[in-house]
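Dear colleague,

Here is the structure I promised to pass on. My notes on what turned up follow below it.

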Amino acid sequence: MNKIIDLRSDTVTKPSEKMRLAMYRAEVGDDVYGDDPTVNRLEELGAELFGKEAALFVTSGTQGNLLALLTHCRRGDEVIVEANSHIFLYEVGGLSALGGIMPRCIPGDNGFLIPESVENSIRSENVHHPITRLICVENTHNLAGGAVITIEQQNALRQVADNYQLKMHLDGARAFNAAVFLGCPVAEVAQPYDSVQVCLSKGLGAPVGSLLVGKKDFIAQARRYRKMVGGGMRQAGVIAAAGIYALENMVERLADDHHNAKLLAEKVANVKGLGLDMRSVDTNIVYCKVDEDYMSAVELCDKLREKGVLANAMGSDRVRFVTHHDVTTEQCQQAAGIINEIMMADR
Ligand SMILES: *Cc1c(COP(=O)(O)O)cnc(C)c1O
């Protein structure tokens, strides 16, 4: 039998042999004492790459976003988030449960918060109102199919934030995918934001971890909150080494994932019973709509699984394919062939 082609997510990537070797060799210490040289090096490297003063190694993207929200906001504050954002939909309501923070959801245009809508939702000074504190942006935008928000769009939002003295946080789980797509250093993507969360464990292929970057005093406070939520790790250099390896070796190759996603999308776009807008494929995520006259999204995923292809059903009629380091161009072509076969058989 052929090897399973796992297109569920870029989080399924496993550490390569070279990455594991870097982990094996990592010098370690107790990071809660600030003694882990490998964690310290990862945080310095992260801060430098993102053009910020400091960085904090955290357990996950969810934790990085939570710490940013806790640090920027006080209880009762309001945070502007895009209605389909990961922070709002997929982080277990942590901002409200743990931070007493209210999300204000604004539907975006393909994941992009429209500056006028943001402006219209900012609370005026009034004894009845919570205080609008923060705007959260997601780039690339997961549910919008890995859509990239451009530098100009980001700057337009920063302008609004400045006019109202709001902070800006980037959920940059896939910020490097955005940078590779835009052909710019990731620092340019990060530039308008007070803080950025980036995942090392997605397309970059590390087994665990994210970085939160920002100003020194912001990171110092986030470090206290990290301890509070149980994220103070000890000899974390073993996993930080994978993060360093990822930042040094796995960024440029994201272009291959984008190429493979395009290829897969192009092959699937013409399959009867599937709907796909090529313009929605910027980076490594491909969403396609399944015509309900053929089958449901779950049925398609079940049939794919029988033939060795894994994908995620998102709602009743959308299937998500994500390309990454552990699937080759040939496997993407093979997967497209299998998708075609299944849809044809159902005619
Ligand atoms: C995956 C993801 C996260 C959360 O990362 P975890 O490490 O899974 O907690 C946050 N935001 C976006 C946009 C993501 O895709």
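**Helix packing**

Helix 1 passes helix 11 with a right-handed crossing. (A crossing is right-handed if the near helix is turned clockwise from the far one by less than a right angle, and left-handed if anticlockwise.) Helices here are DSSP runs of H or I with at least four residues, strands are runs of E with at least two, and both are numbered from the N terminus. This is a predicted model: local features need pLDDT of at least 70, side-chain atom pairs count only at pLDDT 80 or more, and totals for chains, interfaces and linings use all residues. Residues are numbered from 1 along each chain as its sequence is written, and side-chain values use heavy atoms, without hydrogens and water.

Helix 1 covers residues 17-25 and helix 11 covers residues 237-249. Their axes come within 7 Å and cross at roughly 135 degrees. Helix 1 is therefore oblique to helix 11. Axes are lines fitted to C-alpha atoms, for helices over the stretch in contact, and angles run from 0 to 180 degrees between N-to-C directions. Under 35 degrees counts as roughly parallel, over 145 as roughly antiparallel, 65 to 115 as roughly perpendicular, and the rest as oblique.

On the helix 1 side, the contact uses Lys18, Met19, Ala22 and Met23. Helix 11 brings Val238, Ile239, Ala241, Ala242, Tyr245 and Ala246. Contact means heavy atoms within 4.5 Å. By class, this contact has nine nonpolar, no polar and one charged residues. (Ala, Val, Leu, Ile, Met, Phe, Trp, Tyr, Cys and Pro count as nonpolar; Asp, Glu, Lys and Arg as charged; the others, Gly among them, as polar.)

Helix 11 also packs with helix 2, residues 37-50. Here the axes come within 8 Å and cross at roughly 30 degrees. That makes helix 2 roughly parallel to helix 11. The crossing of helix 2 and helix 11 is left-handed. Residues of helix 2 in the contact include Arg41, Leu42 and Leu45. Among their partners in helix 11 are Ala241, Ile244 and Glu248. The contact of helix 2 with helix 11 has eight nonpolar, four polar and two charged residues.

Next, helix 12 (254-269) and helix 14 (329-345). They pack at about 20 degrees, with axes 9 Å apart. Helix 12 and helix 14 are therefore roughly parallel. Their crossing is right-handed. The contact of helix 12 with helix 14 divides into seven nonpolar, three polar and one charged.

**Ligand**

Which residues are closest to the ligand? Gly61, Thr62, Asp171, Arg174 and Lys202 are, out of 13 that surround it (a heavy atom within 4 Å). A polar backbone atom of Gly61 is 2.8 Å from a ligand oxygen. A polar side-chain atom of Thr62 lies 2.6 Å from an oxygen atom of the ligand. A side-chain N or O atom of Asp171 is 2.6 Å from a ligand nitrogen.

**Backbone**

Most residues other than glycine have a negative phi, and most peptide bonds are trans. Asn139 and Thr140 are joined by a cis peptide bond, with omega about 0 degrees. Thr140 sits in the loop between strand 5 (132-138) and helix 7 (151-163). Val92 has a positive phi, near 60 degrees. Val92 is in the loop between helix 4 (86-89) and helix 5 (94-99).

Best wishes

Definitions and conventions: Polar contact = N/O pair within 3.5 Å; in protein donor to acceptor, adjacent residues only side chain to side chain.
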